[in-house]
There are 2 protein chains.
Amino acid sequence: MHLFWEHGYEATSLAMLREAMGLTPPQIYNAFTDKETLFRKALTRYHETEIGFALDALSAPVPTREAIRRLLQGAAEAYSRPGKPGGCLFVSGALAASPQAQAIADELKAYRKASEAAIAERLAKGQAASDLPEGFSVESFAKYIAGVMNGMSIQARDGASADELRIMAQTALAALPPEEQKRGA
Amino acid sequence: MHLFWEHGYEATSLAMLREAMGLTPPQIYNAFTDKETLFRKALTRYHETEIGFALDALSAPVPTREAIRRLLQGAAEAYSRPGKPGGCLFVSGALAASPQAQAIADELKAYRKASEAAIAERLAKGQAASDLPEGFSVESFAKYIAGVMNGMSIQARDGASADELRIMAQTALAALPPEEQKRGA
DNA sequence: TAGGTTTCGTATCGATCACTATGGATAACT
DNA sequence: AGTTATCCATAGTGATCGATACGAAACCTA
């Protein structure tokens with residue numbers, strides 16, 4: 001998983017995987033069928049072990065603004081963990097791919113779209129609860145938040161520290177409309 | 001250039017380049033020495049022909065906030081031009097690379113760092129001209145703006161329209177402190 | 001302990017990578 | 001016109017890709 005995270009799907013060779021896992025090629029193919037299946041296994045593992053902060057943030061019983069704040073701060077942490085590759089596997093895994101790996105690139109794109117959709121869903125919930133103004137465009141803002149997280153992923157890959165990412169998250173949050181008074185019945 | 005832009009450095013094979021340029025391999029090597037040199041040629045061409053908006057925005061004699069607005073809106077346009085690959089070559093070219101292509105990845109990273117530095121320089125100028133508050137951290141905000149642009153690049157690659165990118169740019173701009181009154185002498 | 005079976009690592013498969021040597025066709029000069 | 005020289009596309013180089021066939025070793029059964 002770390003190799004795919006660091007080098008992306010195509011640039012990670014079986015020789016690297018073999019050395020890292022201490023397995024012979026037939027063992028790898030017995031266990032994972034082929035490289036593509038192995039990558040998908042790594043994706044689900046990444047989703048389960050590294051991305052929990054996102055679900056936690058979006059499902060926490062807190063005001064919308066606080067949920068988004070937790071989401072961005074969580075990303076700042078997750079994208080800069082010591083001993084782990086910088087950024088997000090969903091971004092680094094295959095941003096640009098050869099025609100043969102188009103299926104992998106599309107799958108990662110689907111993960112990113114799903115993240116954006118989850119944010120939009122949380123924002124819509126916030127709007128329903130009057131946490132957000134009525135004229136507020138849920139889809140547009142979700143695209144902004146998801147985009148900022150993708151940008152943080154690249155900044156992390158370029159060496160940004162956890163502190164720098166936290167500040168970037170805080171700055172991004174300033175674009176959110178200020179907490180609104182609950183509109184009473 | 002379009003091939004590298006679309007598929008990235010490593011995933012673009014000489015066979016694809018050969019077909020696209022209508023040249024035989026020896027012609028390519030006579031003209032460009034090797035693949036790496038060809039890619040660097042494409043990089044400088046991209047910088048000259050597609051990225052002019054950035055220099056224009058940062059050097060225009062306008063208030064700082066307006067300069068940043070032009071920068072982000074220009075990115076929205078440049079990253080979603082019909083007939084061109086989505087996003088920015090500096091991001092898509094080699095975000096994740098094999099160990100052999102580390103030099104290329106480092107060069108692209110240097111381009112991204114240079115963009116961020118240019119933004120920081122413009123912000124510092126704005127601070128000196130009292131366009132921005134004194135406590136304002138130029139470096140942090142430059143990292144945010146550069147990060148947002150990188151994020152827009154990924155959103156564009158994921159199919160975001162020019163309008164959607166423009167809205168994202170507008171949203172990001174809201175994080176900038178409001179225009180300050182000039183502190184008179 | 002002998003035989004049969006299964007497992008497992010080495011050595012290699014065809015395909016493709018970036019790159020280049022060579023033969024044939026063209027051009028140039030006397 | 002004849003001879004030489006120059007160019008240039010085809011064909012192929014070693015290396016590496018993802019994926020596997022085969023021989024040896026180990027193990028279970030008789």
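I count a residue as near a strand if one of its heavy atoms lies within 4 Å of it. This is a predicted model, where local features need pLDDT of at least 70, side-chain atom pairs count only at pLDDT 80 or more, and totals for chains, interfaces and linings use all residues. Residues are numbered from 1 along each chain as its sequence is written, chains are lettered from A in the order in which they are written, and side-chain values use heavy atoms, with hydrogens and water left out.

**Entry: around DNA strand D**

I looked up the residues around DNA strand D and found, from chain A, Thr12(A), Ser13(A), Leu14(A), Pro25(A), Pro26(A), Tyr29(A), Asp34(A) and Lys35(A). Chain B brings Thr24(B), Pro25(B), Pro26(B) and Gln27(B). Of the atoms of DNA strand D that come within 4 Å of the protein, 65% belong to sugar and phosphate.

I sorted this surface by class: six residues are nonpolar, four polar and two charged (Ala, Val, Leu, Ile, Met, Phe, Trp, Tyr, Cys and Pro count as nonpolar, Asp, Glu, Lys and Arg as charged, the others, Gly among them, as polar).

**Entry: phosphate contacts**

Next I checked polar contacts (pairs of N or O atoms within 3.5 Å). Leu14(A) places a polar backbone atom 2.8 Å from a phosphate oxygen of DNA strand D.

Terms used. A polar contact is a pair of N or O atoms within 3.5 Å; within protein, one must be able to donate a hydrogen and the other to accept it, and residues adjacent in sequence count only if both atoms are side-chain atoms.
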